[in-house]
Amino acid sequence: MIEPIIDSRVIEHLQRLLKGARHIVLTCHLSPDGDALGSTLGLCRVLRNMGKDAHVVVPDQVPRALLFVPGVRDVVVYSLSQLRGRFLFREADLVFCLDFNTLQRVDKLAPVIAQCRAPRVLIDHHLDPDNDFDVKISFPHLSSTCEVVYRTLMQLALLRYVDTEAAQCFYTGMMTDTGNFTYSSDYPEIYEIVAQLVAYGINKQWLYNMAMNTFSAESLRLQGYALSEKMQIFPDAGAALITLTRAELERFGYRKGDTEGLVNKPLSIPEVHWVMFLREDPDQIKVSCRSEGNFSVSDICARYFGGGGHRNAAGGDFQGSMEDAIDVFFQVLEDTCFENE
Ligand code: 5GP
Ligand code: MN
């Protein structure tokens with residue numbers, strides 16, 4: 001039995017908004033991941049099955065590795081099609097903001113969403129969502145936005161509009177945000193939802209292979225190089241650092257998404273409890289952190305890199321040189337060792 005956890009007044013409010021809406025836009029965070037795309041595309045599919053005119057607008061390009069998500073070829077990429085994106089938001093009478101907690105996470109789409117006259121519905125699982133939303137459905141202790149969307153549909157009594165394609169989308173986000181049901185998934189109800197998704201006819205093994213076990217040869221070589229040559233371990237601090245400069249990325253023909261999953265690898269070393277990965281992107285150093293247990297990398301990313309995320313998976317960015325970013329890592333080591341004494 002999946003308990004209803006969303007307040008019934010919130011559900012009634014959303015029900016009224018949905019009833020009056022014909023044109024609906026769904027959006028998610030910059031550099032969309034499996035949960036961002038799974039939740040927007042899955043809910044978009046359900047809304048279309050209900051007869052709504054629904055469209056997904058994402059801030060920037062979808063990584064190649066996620067081009068398997070059903071319906072993905074139909075999304076509007078705002079960085080490439082600004083006029084179309086703005087048109088859809090202008091026409092919208094309801095907007096769904098999925099898998100982010102603040103408009104800062106949608107980059108150049110933020111002013112477009114802020115100026116849009118349509119009510120905004122947030123469905124998310126990040127800590128501390130902003131108050132910029134008319135309806136807020138936020139459950140940070142749940143696995144994924146896909147799970148929260150599924151529970152929302154259940155409470156709205158709309159599960160009859162879920163089909164195999166929508167179920168494949170929802171499963172994708174639940175699987176990728178839990179490392180194939182490793183972390184953030186220690187409660188029975190998540191498997192009841194999985195059981196229902198399987199009953200919709202999803203192809204679990206195909207989704208796993210596409211989402212989590214497909215890499216290009218260049219990407220595997222880059223990850224091998226990073227682990228062999230660029231991973232530093234600090235056993236006393238329980239930490240590991242991986243850095244990749246622009247030149248190193250280019251040497252391996254880097255394409256967006258090629259380092260996906262790399263930051264998790266050092267956690268398999270018993271002495272390592274948290275990891276920082278610094279990647280030199282064209283306009284910034286991208287920071288990505290993972291941890292296990294109570295150590296909050298979300299706090300670290302917020303405090304040192306103006307970012308955030310979840311306790312065990314967080315990110316941010318750094319404006320400056322790789323050397324200066326590495327210095328911040330050592331500052332974190334010094335500060336956390338001091339705090340733990
Ligand atoms: P990843 O390390 O896979 O890029 O991101 C892990 C998680 O950290 C994401 O799901 C997201 O919640 C959060 N995150 C990543 N980058 C940023 C960022 O620049 N700002 C904020 N606020 N959160 C981020
Ligand atoms: Mn998510």
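Along the chain, the donors of the manganese ion (ligand 2) follow the spacing D-x63-D-x25-H-x51-D. In this predicted model, the protein donors are Asp35 (OD), Asp99 (OD), His125 (NE2) and Asp177 (OD), and they lie 2.2 to 2.4 Å from the manganese ion (ligand 2). Asp35 belongs to helix α2 (residues 34-49), whereas His125 sits in the loop between β5 (120-124) and β6 (135-138), so the pair ties together parts that are 90 residues apart in sequence. Asp35 is buried, its relative accessible area being 0%, and His125 counts as buried as well, at 3% relative accessibility.

**Nonpolar cores**

The largest nonpolar core has 60 residues, and those with the most contacts inside it are Leu18, Leu26, Phe96, Leu153, Phe170 and Leu197. If neighbours within four places in sequence are left aside, Leu18 is in contact with Ile24, Leu47, Lys52, Leu94, Phe96, Leu156 and Leu158. A second, separate core has 23 residues, among them Val287, Ile300, Phe305 and Phe318.

**Helix α3 and Leu88**

Which residues of helix α3 (residues 82-91) are buried? They are Gly85, Leu88 and Phe89, and, seen down the axis of α3, the buried residues fall within an arc of 95°, so they line one face of the helix. The face turned away from this buried side carries the exposed residues Leu83 and Arg90. The buried residues of α3 pack against β1 (23-27), β2 (53-58), β3 (76-77), β4 and α4.

Leu88, which is placed in helix α3, has a relative accessible area of 2% and is therefore buried, given that the limit is under 20%. Leaving aside neighbours within four places in sequence, Leu88 is in contact with Val25, His55, Val57 and Val76. The C-alpha atoms of Leu88 and Gln196, which are 108 residues apart along the chain, are separated by 33 Å.

**The open sheet**

Six strands form an open sheet in the order β7-β8-β9-β10-β12-β11, with mixed pairing. Its edge strands are β7 (231-234) and β11 (308-309), each of which pairs on one side only.

| Strand pair | Sense | Bridges | Residue pair |
|---|---|---|---|
| β7 and β8 | antiparallel | four | Phe234 and Ala239 |
| β8 and β9 | parallel | six | Thr243 and Leu278 |
| β11 and β12 | antiparallel | two | Gly309 and Ala314 |

Helix α9 (residues 217-229) packs on the sheet, where it touches β7 and β8 (239-244), and its direction makes about 130° with that of β8. Helix α11 (residues 297-305) also packs on the sheet, touching β9 (274-280), β10 (285-291), β11 and β12, and its direction makes about 10° with that of β12.

Strand β8 deserves a separate word. Six of the six residues of β8 are buried, so the strand is largely enclosed by the rest of the structure. Both of its faces are covered, since Ala239, Leu241 and Thr243 on one side and Ala240, Ile242 and Leu244 on the other are all buried. Together with β7, strand β8 forms a hairpin with four residues between the two strands, and in the turn Gly238 has a positive phi of about 65°.

Most residues other than glycine have a negative phi. Against that background, two residues may be noted here.

Asp107, although it is not a glycine, has a positive phi of about 55°. Asp107 is found in the loop between β4 (94-98) and α4 (109-115), and at 40% relative accessibility it counts as partly exposed.

Ala157, likewise a residue other than glycine, has a positive phi near 60°. Ala157 is found in the loop between α5 (145-155) and α6 (164-176), and with a relative accessible area of 49% it is partly exposed.

Terms used: Residues are numbered from 1 along each chain as its sequence is written. Chains are lettered from A and ligands numbered from 1 in the order in which they are written. This is a predicted model: local features need pLDDT of at least 70, side-chain atom pairs count only at pLDDT 80 or more; totals for chains, interfaces and linings use all residues. Side-chain values use heavy atoms; hydrogens and water are left out. Donors are N, O and S atoms within 2.8 Å of the metal (3.2 Å for Na, K and Ca); water is not among the atoms, so sites may look incomplete. Buried means under 20% relative accessible area, exposed over 50%, partly exposed in between (1.4 Å probe, protein chains only). A nonpolar core is a set of buried Ala, Val, Leu, Ile, Met, Phe, Trp, Tyr and Cys residues joined through side-chain atoms within 4.5 Å. Contact means heavy atoms within 4.5 Å. Two strands pair if DSSP finds at least two bridges between them. Axes are lines fitted to C-alpha atoms, for helices over the stretch in contact, and angles run from 0 to 180 degrees between N-to-C directions. The arc is that of the directions from the helix axis to the C-beta atoms.
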